[in-house]
Structures are given as structure tokens and as C-alpha cells.
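Subject: Structure handover

Hello,

Here is the structure you asked for. Please open it beside this email and follow along.

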Amino acid sequence: MDLPFGLNPYDNDPGAWGASLLNNAELLLGCLDAARARSVAEVGAYAGDLTRLLLLWAERAGARVVAIDPSPQPELEQLERERSELQLIRETSLDAFEHIELTDAIVLDGDHNYYTVTQELLRIAQRSAAEGVELPLLLLHDVCWPHGRRDDYFDPDQIPAEYRQPIVPEGGLYPGLETTRHGGLPYHNPAAREGGPRNGVLTAVEDFVSGHDELRLAVVPAFYGLGVLWRREAPYAAELERILAPWEDNPLLARLERNRVLHLASSHVQLRLATDRGEELGRQRELLERMLASRAFWAAELFLRIRQRGKPIFSRAEIRRLLSNQR
Ligand SMILES: C[S@@+](CC[C@H](N)C(=O)[O-])C[C@H]1O[C@@H](n2cnc3c(N)ncnc32)[C@H](O)[C@@H]1O
């Protein structure tokens, strides 16, 4: 693999969805280096794919890494055992931001919905103002399709009702389709509709930034979208501008990403249809096997043979041939 430190983005991504922020490694590390970050927190660390990258980077940069996840995967827990320098906090981001030390940079990749992202941004901004420290460099995943303009909820009960969109549990998402679609990319609790106010990660970030001229948001349309948010007056602002300039809102990259998610979703639909068809064939097969085993069916075939004096309109031999062709 050509990723920094020889990491493999598909270790925990067997379907090659490109799901981990690890896929944006060069850009992420470039931003962290530009900001001379000496500490980074990752909100939503899942199986630790990005965490592993951050740890390798931190070794070189002399930085510390915090992972915040209420439901870490076993691979991340294993990483915690292997790397004593990793601090894993098993809490939601909103709970953790009540007490953890603010880090120089924060990756937001946990619960992908308007309410959570808004609250995360507000708490970070309030804390940095109250403590008189620089606003952390913020790196947000999923600011493009499918969660840029559509909420998904890790646990809908944790979201106040007035912020919660109607959901379609296990709904399938398909680019360009406002509703959900059978066989589209499956998510646990996606909003029933894309778009509109208070819906999606990008909507949350844009609402947070609007009216705050001191903040700068750049969107890189690759691997579900990377948002970078910083204070225009931050000491590293010019360096960040330089690094992000070729990538920000790059139309060619946006086209590639649209093409990528279209093919990903359409192959998922094809897979779903093939699975549905396989299940249907299984049911047909079971019915035919029951008919073959039935004495009544055998008697009906015998009756037809005698009555028609020749080839009957159906026979058990025909059914056996059909079943063996299906194998
Ligand atoms: C998309 S995965 C993170 C992927 C990871 N950042 C990467 O790039 O490899 C989302 C993770 O967020 C976690 N999560 C869900 N709600 C959260 C919350 N409120 N705060 C922190 N993490 C949350 C889930 O348990 C899940 O492991």
C-alpha cells in the first residue's frame, strides 16, 4: 500500500468503501504538521485505522494521541493494549469534552448528525475561549455525500427530539436520491430525506461558521469529504492555505468522488438484487423438493401418463433436471 507508514486502508474495510479517514492520510498529516500540533484527539475511532496512523505520526512529531469512542471495536482495544501512549476514552464526545484537556487538533468523525456536530463545535469553541487558548485545528470527516446533508444517528435516543430527523432504520442511500432505496449503501439510522435545515454534517459546520468571519472552512471533496476549520488569525493559517489550495473544492476531485460513490452504491444495489434473487431461488428450490417428495405429486404424474398416453405436461424427472442445473 502506498499510504504513509505502509498502512493498509482496507484492514478493517473488507468491502473497500474507503470508509476510514486514513484514506486522506497525506492531507491530514500535512495539516497537523502545518499546525505544529503536539496533541490530537480523534472523536469516533472505530477500529483504530486512523488512530494507528496518528500514533505513528505522533512518534515522529513528539505528540500525544487521544481516542474518544463510546463503543470501540476490538481492534482499537487491542491497539490500546499495544500502545501505552494511546489514551482511549470510552465516552461520547459531548461527555468527554466536559473534562478532557483540549488538544491542539481535533478530528471529528463520531456521530454524523447536525445536533452532535453542532454541540461538539460549540463546546470546543466555548472551552478554548474560556481557557484563553487557540481554537484547536478541526478536521471533520463526512462533509460530502452521504452525510454532508443527511443525518445518521448512532443512538437516536440521545438526540433531542426537536433536532432528530425522521429516520429509516437500516435505510439504503444512493447518490442523487433524496429518499432511501432498497439495496443502497446501508446505514443504521439515516434520515429519511436528504437536505433541508438542521440536516447533515456540512450543514452543521456551515451554520456554526456563518456569522463568524474569523473562522475559515475548507472542504476537500475526497473519500466522503474532509472539512478543515481554523481561525484565520491562527499562526499557521497561511501554511494551511498553501497546503489545501490545490485540493479545496477541486472540481476534478469532486467529479472523481461523485463517480466513486455512484459505483460503490450501484454495486451494492446489484449485490442486494443478486442476494434477493438467490433467496427467491432458494424458496423455489425448497418448494420443488417438497413436490418431488410428495406422494400426491407422484400419483398426479402417473395419472397424467396413463390419461395422456405419452409425455405428461409435468414430470418429476423434469424437476430433478431443473434442480441439478441450479446447483
Ligand atoms: C466512522 S467511525 C470512525 C472511523 C475512524 N475515525 C477512522 O477514520 O477510521 C465512527 C465511530 O464513531 C463512534 N461514535 C458514535 N457516536 C459517537 C459519539 N457521540 N462520540 C464519539 N464517538 C462516537 C462509533 O462508535 C464509531 O466507532
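In which loop is the place of Glu 170? Glu 170 sits in the loop between β5 and β6. Helices (H or I, at least four residues) and strands (E, at least two) are DSSP runs, numbered from the N terminus.

Two notes before the rest. This is a predicted model: local features need pLDDT of at least 70, side-chain atom pairs count only at pLDDT 80 or more, and totals for chains, interfaces and linings use all residues. Residues are numbered from 1 along each chain as its sequence is written.

Glu 170 has a positive phi of about 60°, although it is not a glycine. Glu 170 counts as exposed because it has 11 C-beta neighbours inside 10 Å. The cut-offs are these: a residue is buried if 20 or more other C-beta atoms lie within 10 Å of its own, exposed if 12 or fewer, and partly exposed in between, with C-beta atoms placed from the backbone. Pro 146 is also found in the loop between β5 and β6 (172–173). A cis peptide bond joins Trp 145 and Pro 146, with omega about 10°.

**The whole chain**

The chain has 10 helices and 9 strands. Its C-alpha trace spans about 100 × 45 × 40 Å along the principal axes. The radius of gyration is 27 Å, while a compact globule of 327 residues would have one near 20 Å. That radius is taken over C-alpha atoms, and the globule rule is 2.2 Å times the number of residues to the power 0.38. Buried residues make up 37% of the 327 residues. Now the contacts: two residues are in contact if their C-beta atoms, placed from the backbone, lie within 7 Å. Among contacts between residues at least 6 apart in sequence, 66% join residues at least 24 apart.

**The ligand**

The ligand is surrounded by 21 residues. The closest are Ser 20, Leu 21, Gly 44, Tyr 46 and Gly 110. The shell divides into 9 nonpolar, 7 polar and 5 charged residues. Here Ala, Val, Leu, Ile, Met, Phe, Trp, Tyr, Cys and Pro count as nonpolar, Asp, Glu, Lys and Arg as charged, and the others, Gly among them, as polar.

**The core**

The largest nonpolar core has 70 residues. Such a core is a set of buried Ala, Val, Leu, Ile, Met, Phe, Trp, Tyr and Cys residues joined through C-beta atoms within 7 Å. Cys 31, Val 40, Val 65 and Leu 139 touch the most other members. The largest share of this core, 6 residues, comes from α2. In soluble globular proteins, nonpolar side chains tend to be buried together. What does Val 40 touch, not counting residues up to four places away in sequence? Its partners are Leu 32, Leu 54, Ala 63, Val 65, Thr 103, Asp 104, Ala 105 and Val 107.

Take α6 (residues 201–209). Val 201, Leu 202, Thr 203, Ala 204 and Val 205 are buried in α6. Their cover includes α5 (114–131), β5 (137–141), β8 (215–220) and β9 (226–231). Gly 211 follows α6 and has a positive phi, near 85°.

Now α9 (residues 295–308). It has 14 residues and reaches 20 Å from its first C-alpha to its last, close to the 20 Å expected at 1.5 Å a residue. The expected span is 1.5 Å times one less than the number of residues. α9 is hardly covered: its count of buried residues is 0. Arg 309 follows α9, and its phi is positive, near 50°.

- Ala 16 lies in the segment before α1 (25–34). It is exposed because 9 other C-beta atoms lie within 10 Å. Its phi is positive, about 50°, although it is not a glycine. Ala 16 and Leu 264 are 248 residues apart in sequence and 8.9 Å apart in space, C-alpha to C-alpha.
- Ser 84 is in the loop between α3 (74–82) and β3 (86–89). It is exposed, with 7 other C-beta atoms within 10 Å.
- Ala 317 is found in helix α10 (residues 316–326). It is exposed, with 9 other C-beta atoms within 10 Å. The C-alpha atoms of Ala 317 and Leu 292 are separated by 9.2 Å.

Best wishes

Methods:
Near = placed C-beta within 6 Å.
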